[in-house]
Amino acid sequence: MDNTTEGRWDSLPVKLNDAILQTLDELKFTHMTPVQAACIPLFMSNKDVAAEAVTGSGKTLAFVIPIVELLLKREEKLKKMQVGALVVTPTRELALQISEVMEHFIQKFPQFTQILLIGGTNPIDDVEKFKDQGANIVIATPGRLEDMFRRKADGLDLAGSVRSLDVLVLDEFFCDCCKNP
Ligand SMILES: Nc1ncnc2c1ncn2[C@@H]1O[C@H](COP(=O)(O)OP(=O)(O)OP(=O)(O)O)[C@@H](O)[C@H]1O
């Protein structure tokens, strides 16, 4: 893939956490892609960001890095059952890809937990996993996410957990049919 380069990570107006820079170094991602250079500083100054960029332009890291940075900057540390970031994406495959990238970037921050909520598995397993491990970052497809919001009787209060939400990402939210209904 030809990712047109747009400056080194240390040229951002906001300094990234050393462990994030180290992960980028391990991945040999020396430069930002344009969508990353444009989005990361806005995200990190708590702006609402809407980005449209072609497939393969590096949109995932454009929100994964700011999510980790914003959660690190929280004054009050997230408790086990408090969700700080929610990423909603339309397909299981995309959710899985995002979760793998996120896993890579939170490896060096054992204080953060993430959960992948997608269809195709028993929802009760997700409920139990959430209750057991907690989740500060949720990556989900819409159907399973809605299901998890209705699981109070099973002991999962997701509505309560997302009160601490700092970041909401709607990935691949606009498609041609949305633009031209
Ligand atoms: N700064 C970077 N330098 C080099 N490679 C990168 C960089 N950022 C992302 N990549 C790589 O580019 C590829 C595409 O990234 P990504 O999947 O985030 O694109 P995308 O814009 O989200 O695409 P899609 O629309 O298909 O989801 C991935 O393999 C990713 O690891």
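This is a predicted model: local features need pLDDT of at least 70, side-chain atom pairs count only at pLDDT 80 or more; totals for chains, interfaces and linings use all residues.
## Starting at Arg 92

Residues are numbered from 1 along each chain as its sequence is written.

Arg 92 sits in helix α4 (helices are DSSP runs of H or I with at least four residues, strands are E runs of at least two, and both are numbered from the N terminus). Leaving aside neighbours within four places in sequence, Arg 92 is in contact with Ile 118, Gly 119, Gly 120 and Thr 141 (contact here puts the C-beta atoms, placed from the backbone, within 7 Å). Gly 155 is another story: 63 residues separate it from Arg 92 in sequence, and the C-alpha atoms are 25 Å apart.

## The sheet

There's an open sheet of four strands, ordered β2-β3-β1-β4 with parallel pairing (two strands pair if DSSP finds at least two bridges between them). β2 (114-117) and β4 (167-170) are the edge strands, each pairing on one side only. From one strand to the next, the twist averages 10° (axes are lines fitted to C-alpha atoms, for helices over the stretch in contact, and angles run from 0 to 180 degrees between N-to-C directions).

Now for the pairings. β2 and β3 run parallel and are joined by four bridges, with Leu 117 partnered by Ala 140 in β3. Four bridges also link β1 and β3 in the parallel sense, and here Leu 86 has Val 138 of β3 as its bridge partner. Strand β1 (residues 85-88) is joined to β4 by four bridges, again parallel; Val 88 has Leu 170 as its partner in β4.

## Packing on the strands

In a regular strand the side chains alternate between the two faces of the sheet. On β3, Ile 137 and Ile 139 point one way and Val 138 and Ala 140 the other, and all are buried.

Helix α4 (residues 92-106) lies across β1, β2 and β3, at about 175° to β2.

## Around the ligand

Which residues come nearest to the ligand? Of the 15 around it, they are Phe 29, Thr 55, Gly 58, Lys 59 and Thr 60 (near means a C-beta atom, placed from the backbone, within 6 Å). Helix α3 (residues 59-73) supplies the largest share of this shell, three residues.

By class, the shell has five nonpolar, nine polar and one charged residues (Ala, Val, Leu, Ile, Met, Phe, Trp, Tyr, Cys and Pro count as nonpolar, Asp, Glu, Lys and Arg as charged, and the others, Gly among them, as polar).

## Two positive phi values

Most residues other than glycine have a negative phi. Lys 28 has a positive one, near 65°, and is in the loop between α1 (18-26) and α2 (34-44). Lys 28 counts as exposed because it has 6 C-beta neighbours inside 10 Å.

Asn 46 also isn't a glycine, yet its phi is positive at about 60°. Asn 46 belongs to the loop between α2 and α3 and counts as exposed, with 12 C-beta neighbours inside 10 Å.

Methods:
A residue is buried if 20 or more other C-beta atoms lie within 10 Å of its own, exposed if 12 or fewer, and partly exposed in between; C-beta atoms are placed from the backbone. Two residues are in contact if their C-beta atoms, placed from the backbone, lie within 7 Å.
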